[in-house]
Amino acid sequence: MERFSLLLIQSYEAVKAFKLRTIFCLVSVALGIAAITIIVAATEGAYKKAFDIVASFGPDSVMVMSGSDEARAIGQREKTITLDDIEAIRQAFPTAYIVVPSTWVGSVNVSYKGNRYQSQIVGSSSDYSRAWTWPVIEGSDFTDEDIRRYANVGIMGQEVARELFGDQSPVGKFVQVRNLPVQIVGVLSERGTSPGGGSLDNRIIMPYTTVMKKLQNESRYVVGMRLRFTDLENVDGRVEELKRLLRYLHRIPDGQPDDFRIFTPKDIVKFLVALTGSLVVFIGIVGVISLIVAGFVLANLFLLSVKERVKEIGIRRAVGARKKDILMQFLMEAVMITTAGGVVGFLLGVISAQLLTYVAEFPVYFSWKAFAIGLVLSWVVGVGFGLHPARQAANLVPIEAIRT
Amino acid sequence: MAAPVCIMENITKSFHVGDQDLQVLKGVNLTIEQGEFTAIMGTSGSGKSTLMNLMGCLDVPTSGRFILAGRDVMQLNDDELSELRNEHIGFVFQSFYLLPYATVLENVLVPTLYRDKKKDRVRDRAAELLKLVGLEERMKFRPTQLSGGEQQRVAICRALINDPELLLADEPTGQLDSRTAEEIMNVLTRTNERGKTVVVITHDADIAAYARRIIQIRDGIISE
């Protein structure tokens, strides 16, 4: 063991002594490993986030939205789903234990005693928190009675509550929604951001009847609906049936596109993976290229170094180093440098991923896996590209090496 | 009486120069007994460097019989030659050949890196050797911080760390002034007096005078 530690120490001395070589190799390896680290973290982050979203969206949930894909593309969200549709669906699907209409109005001025806030007003039935698995942590949900009475009541997201009420409890207080005085009956728990990146905690939930009549001047149409099924394993089949029923209700002839869209947890995962995917591919190419470049930088600098150290190699051979000892020494130096590069690269990756998250809401997640992959790759570069120069060193003829 | 450290019988060594063979050693017969202090003298081109390379097992003869430390050198492969150098031969070179980035202590320990038969307390032994040549205070120094004479003393410690049968010094004082040269030769003499077989290769008669046996080499043939 003492021999191995001596070899380690001597390699370390060499790594320290040939500073320029060390720095160049280290930096180039670090850049590659940083990129790879980000990819691994981003991939893991995407999966983790997708998993979280599916869990909070509800794996048994389906969302139906008004408007075709085409209409969405040009920014028009024409409402096509009616309350009658929702009632018909409720009747037709006995396994749908929740069928909740959903409609909303964006950017509504809400105020309380001079505090103003731009909120999103969501209209829902009384099952909102159950439909979204989103608990009311203070006060309570509004009731079916409130729906029937067009009551001016609402439950509030955390962010709105903070902005308007600070530390006070909003429950029981009246806020102005446009010109409508609305009594807050409950507060929702913190929810964070949607898959698209917007805050979910800036909203106020009110009875859909109130929102339609008093804020939208609307009697039939809503933006969408949310369903939850008890027969989880059949969600795909239910989606097909739902589609057929809605096409029938909307009298869409065969060959015409749907005037609605249906989202399942799978679609959300797909969306997120696609969002992350392009970036992963881009960084992946950059990472692999920079690792290869790093490898060539290392191989070249080590070849130069072998030339510079011919005498050293000769001395070592003279005092009894075998070819494989010399080979091991140069490989050890290479691996030592690339390992350091790997560690630096990992840290660099963590920092830049944090920046990326900060700038672009990019989901990243660091685990031992990202670190292990980075480390193994750095060893692969060290051994793979260090081997040729190390062989050259090992195959020098001792007397010639010593006489130079 | 123990077996001789080195037996050379009718050794030749040829090099290919262009398309003809150049014979540098033309049948050398030489036996070196244990505990001898021998000087091999010759001018440049006499073949003394070639002889030194052969004796140090850095190169193998073209023909002849060569036994070193009881091994038939002609039969050994590269790894076995390395092992032989490591365990049985200590080298001292004209320009010291220390590793510039390693400390004095680390330099002395280099041969132990390649030793298969494990020896305990190599560090203690290195410190002991350095103390014998008066460098115990300089163990953490780098070679560039030492004078030429000090560097050569470190090199001698390195040559002795694995306790070899043969200490081979190639012009050990070639780069030193006469006073330092005398110091180094005294170190070699004391090493010999402690029982080590020493061979010095030199062109300098004053240096050769330290040895008890002087061998002349001229045109690839030796004479005493």
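1. **A loop in chain B.** B:D219 is found in the loop between strand 9 (213-218) and strand 10 of chain B; helices (H or I, at least four residues) and strands (E, at least two) are DSSP runs, numbered from the N terminus. The phi of B:D219 is near 50 degrees, a positive value in a residue other than glycine. B:D219 counts as partly exposed because 13 other C-beta atoms lie within 10 Å. For the cut-offs, a residue is buried if 20 or more other C-beta atoms lie within 10 Å of its own, exposed if 12 or fewer, and partly exposed in between, with C-beta atoms placed from the backbone.

2. **What kind of model this is.** This is a predicted model, in which local features need pLDDT of at least 70 and side-chain atom pairs count only at pLDDT 80 or more, while totals for chains, interfaces and linings use all residues. Residues are numbered from 1 along each chain as its sequence is written, and chains are lettered from A and ligands numbered from 1 in the order in which they are written. Chain B has a mean pLDDT (the predictor's confidence in each residue, from 0 to 100) of 90, and 98% of its residues reach 70 or more. For the complex, the predictor gives an ipTM of 0.92 and a pTM of 0.71.

3. B:A69 sits in the loop between strand 4 and strand 5 of chain B. These strands form a hairpin with two residues between them. B:A69 is partly exposed because 18 other C-beta atoms lie within 10 Å.

4. Strand 4 of chain B is joined to strand 5 (residues 71-72) by two bridges, running antiparallel; strands pair here if DSSP finds at least two bridges between them. Within that pairing, B:L68 stands opposite B:R71. Strand 4 (residues 63-68) also pairs with strand 1 (residues 6-17) of chain B in the antiparallel sense, over five bridges, and there B:T12 stands opposite B:S63.

5. **The six-stranded sheet.** Chain B has an open sheet of six strands in the order 6-7-8-3-9-10, with mixed pairing. Its edge strands are strand 6 (89-92) and strand 10 (221-223), each pairing on one side only. From one strand to the next the twist averages 20 degrees, with axes being lines fitted to C-alpha atoms, for helices over the stretch in contact, and angles running from 0 to 180 degrees between N-to-C directions. Inside the sheet, strand 3 (residues 37-41) and strand 8 (residues 197-202) run parallel and are joined by five bridges; B:I40 stands opposite B:I201.

6. **Cores.** The largest nonpolar core has 122 residues, and those with the most contacts inside it include A:L298, B:V108 and B:V199. Such a core is a set of buried Ala, Val, Leu, Ile, Met, Phe, Trp, Tyr and Cys residues joined through C-beta atoms within 7 Å. Helix 2 (residues 19-57) of chain A gives the largest share of this core, 16 residues. Apart from it lies another core, of 44 residues, among them A:V62, A:W104, A:I204 and A:L246. What does B:V199 touch, leaving aside its neighbours within four places in sequence? Its partners are B:I32, B:T38, B:I40, B:M55, B:L166 and B:L168, where contact means C-beta atoms, placed from the backbone, within 7 Å.

7. **The shape of chain A.** Chain A has 14 helices and 12 strands. Its radius of gyration is 32 Å, whereas a compact globule of 404 residues would have one near 22 Å; the radius is taken over C-alpha atoms, and the globule rule is 2.2 Å times the number of residues to the power 0.38. Taken along the principal axes, the C-alpha atoms of chain A fill a box of roughly 100 × 55 × 40 Å. Buried residues make up 40% of the 404 residues.

8. **Where the chains meet.** In the interface, 22 residues of chain A are in contact with 23 residues of chain B. Helix 1 of chain A supplies the largest share of the chain A side, eight residues.

9. **One buried leucine.** A:L327 lies in helix 12 of chain A. A:L327 is buried because 20 other C-beta atoms lie within 10 Å. The C-alpha atoms of A:L327 and A:A390 are separated by 4.9 Å, although the two are 63 residues apart along the chain.

Notes: Contact = placed C-beta atoms within 7 Å.
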